[in-house]
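User: I'd like to learn how to read ligand contacts and helix packing in a model like this one. Can you walk me through it?

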Amino acid sequence: MALHPDRTSPNPRPSAANANATAIDANVPVDVDAHVPVDVDAHVQIGVDAEGRVTHWNAAAERLTGRLAADVRGRSLASLLGPAGPGGQAQLAAIVESSDDAIVSKTLDGIVTSWNRGAQRIFGYTAEEMIGQPMTSIFPADRYDEEPQILARIARGEKVEHFETVRRRKDGSLVHVSATISPMRDETGRIVGASKIARDITERIQAERTIWLQANVDTLTQLPNRRQFQERLKQELARARRSHKRVAVLFVDLDRFKEVNDTLGHQAGDALLQEAARRIQASVREIDIVARLGGDEFTVVLPDLDAADAAAEIARRLNASLFEPFELGDVPVHISGSIGFALFPEDGESTDELLQHADLAMYASKQHGRNQARHYHQALETAARQRVTLIADLRRAIAQDELWLAYQPIVRLSDGGVDHHEVLLRWDHPERGPMPPETLVALAEEAGLMLLLGDWIFDQAVDQLARWRDEAGDRPARLALNVSSIQLRAEPAYFGRWLDRLAERGLEPDLLVFDVAEPSLAAHAEALVPVLDRLRQAGLRVAIDDFGSGRTSMVQLQRMGAETIKIDHSFLRGIEHDAQVLALCEGLVELAHKLGLRVIAEGVETATQRAVLEAIGCDLGQGHLFAAPSRNGQCVSHPDGPALSRTLHA
Ligand SMILES: Nc1nc2c(ncn2[C@@H]2O[C@H](COP(=O)(O)OP(=O)(O)OP(=O)(O)O)[C@@H](O)[C@H]2O)c(=O)[nH]1
């Protein structure tokens, strides 16, 4: 052991009055800051090697103890710290007494024979209370096993170094100590007991624990975080390899959690996450590991599974518990969870692979309607890979103008004139051919490209409007743009730029109709009412697409200020021969008219359909009967465009 640097050299020469404050470096296996009354003008320095034998003994130590360095070098410090003897040994005993560390000795049977003031400070017991008692009286019950092992090593002449453990104080609290225990020999070298130097390391252990908690525990839910989850999953997999048991990894993602934050605030969102964590934990066994990966994502490890079905059963239980309303203040909040799970060893061997596969299965749950659990299977991975490629292709397609717009006229059933056009997005994928617009939009939404794509569509559509205006020399027919709820929930600046662009091109805002699909509107109704209101005030118009496929009530439609509803084309199929469908459409048209809404029927393909629609008072039609979508649409002016029959050149 190296000697400490001289820590006390700057101190003034000790006087009789402050002699007690003289600092002495006594190098023992753990540091001892000893303050000892001496009347020598020097620092005592003692070096001890790993065996506890004296390596260095300076002149001050010689003067203090009356022992020459040559005599003590190589001897065990413990033996020099024996019962207080005359002269120097008494001084050494004083060093021991004044140490902040516990310096104690015991017999080979573990009975305490000496107990310094440091030990009293750390453990709370006085020397009188401890001497003659077994050392184990300060051991917590779960540490009793340590003593026979320590004593056996001491008896063999071994030293136990820097042994970190826990002891119990007199007041019952626990204290963390680092102890070095050395054999104590008599003058003949026979081992007669053990000396122990123990330092209170509770503060250090607590600081380490704080650092560990920060690195491993999620502060909001107190669950293990991603890092600890991975570590513990790794351990469980190692155990499962040995025991040939199954392990399931569940990936749980809350559905539409963002809306809770958006509508009730972040604090309510936090409270929901805490409650969700509690419910997940309550739905699994004690041995299962629940972790929060981040955001609204949780993972569960189910070790020791006998059957694969057990994972599905627990996932179902989790779904049910998350489906229960959350009480966050006045109103109950309803959410759900999408779950995916993967099993070790059949679905993956490593932590990463299992987590990734559970995540893929969770994604499939989301895609198939949420609030369900799915087991990973190989095809999901293939689909995911294709999706990643397709998203990259879509990025390129937007950047390189591989997309194009088609325009389909929407016709007044009364006179066949074009009322406006719907803008339809087209993508001829170089390898896959034409991509269905729904796939394209879903992909863009998933990849976070919807705003970018929306901007691209808007820019092209505005160019087209300007071209038609220039060709017609008049105000062109309106364009209906499909706008997703992601766009409607974007920053106000998003549409602000659109309005600026229209103004730059000298186009009126009311030339644009925002077609919003009813299901997405219904899902975000409350948040979107003020947005649609602002847009209408800026002059834009609103139409509700796919009416009948969501759950929007007529009252909500009115609040949204929609001017038009479009009946979903699925209704049209039955209108010619199904009296109930006909009655439904008729009622819908009548109600819409009463609310001041115009009705568009989409997917009109036959003259009979057109006749029936006209007969029930439907205002507008769109479909191949009138015109297929085309690259250029028709240049018509609004509102009294020429009859379609005269203008069609698509
Ligand atoms: N309150 C709260 N919100 C968080 C915290 N961490 C992340 N979030 C939010 O959680 C939301 C997670 O959103 P997503 O999972 O993408 O969206 P979602 O609404 O759940 O939609 P789906 O998962 O598609 O059903 C984001 O809006 C984050 O801002 C948190 O510690 N507290």
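Analyst: Start with the polar contact: that's a pair of N or O atoms within 3.5 Å. Keep in mind that this is a predicted model. Here, the side chain of Lys366 places an N or O atom 2.9 Å from an oxygen atom of the ligand.

User: How much of the ligand's accessible area does the protein cover?

Analyst: On its own the ligand has 660 Å² of accessible area, and the protein covers 66% of that. Strand E10, helix H10 and helix H11 each give two or more residues to the shell, and H11 gives the most, with four.

User: What kinds of residues make up that shell?

Analyst: Nine are charged, four polar and three nonpolar. Of the 16 residues around the ligand, the nearest are Arg256, Asn261, Asp270, Asp296 and Arg370.

User: Now the helices. How do I read a packed pair?

Analyst: Two packed helices are described by the angle between their axes and the distance between those axes. Take H14 (378-399) and H15 (437-446): the angle is about 95° and the axes are 10 Å apart. That makes H14 roughly perpendicular to H15, since angles of 65 to 115 degrees count that way.

User: Which residues meet there?

Analyst: From H14, Arg387, Leu390, Ile391 and Leu394; from H15, Leu440, Leu443, Ala444 and Glu446. Six of the contact residues are nonpolar and two are charged, with no polar ones.

How values were computed. Residues numbered from 1 in each chain as written. Predicted model: local features only at pLDDT ≥ 70, side-chain atom pairs only at ≥ 80, totals over all residues. Heavy atoms only, no water. Axes fitted to C-alpha atoms, helices over the stretch in contact; angles between N-to-C directions. Parallel < 35°, antiparallel > 145°, perpendicular 65-115°, else oblique. Contact = heavy atoms within 4.5 Å. Nonpolar A, V, L, I, M, F, W, Y, C, P; charged D, E, K, R; others polar. Near = heavy atom within 4 Å. Polar contact = N/O pair within 3.5 Å; in protein donor to acceptor, adjacent residues only side chain to side chain. Areas by Shrake-Rupley, 256 points an atom, 1.4 Å probe, with all protein chains shown as cover.
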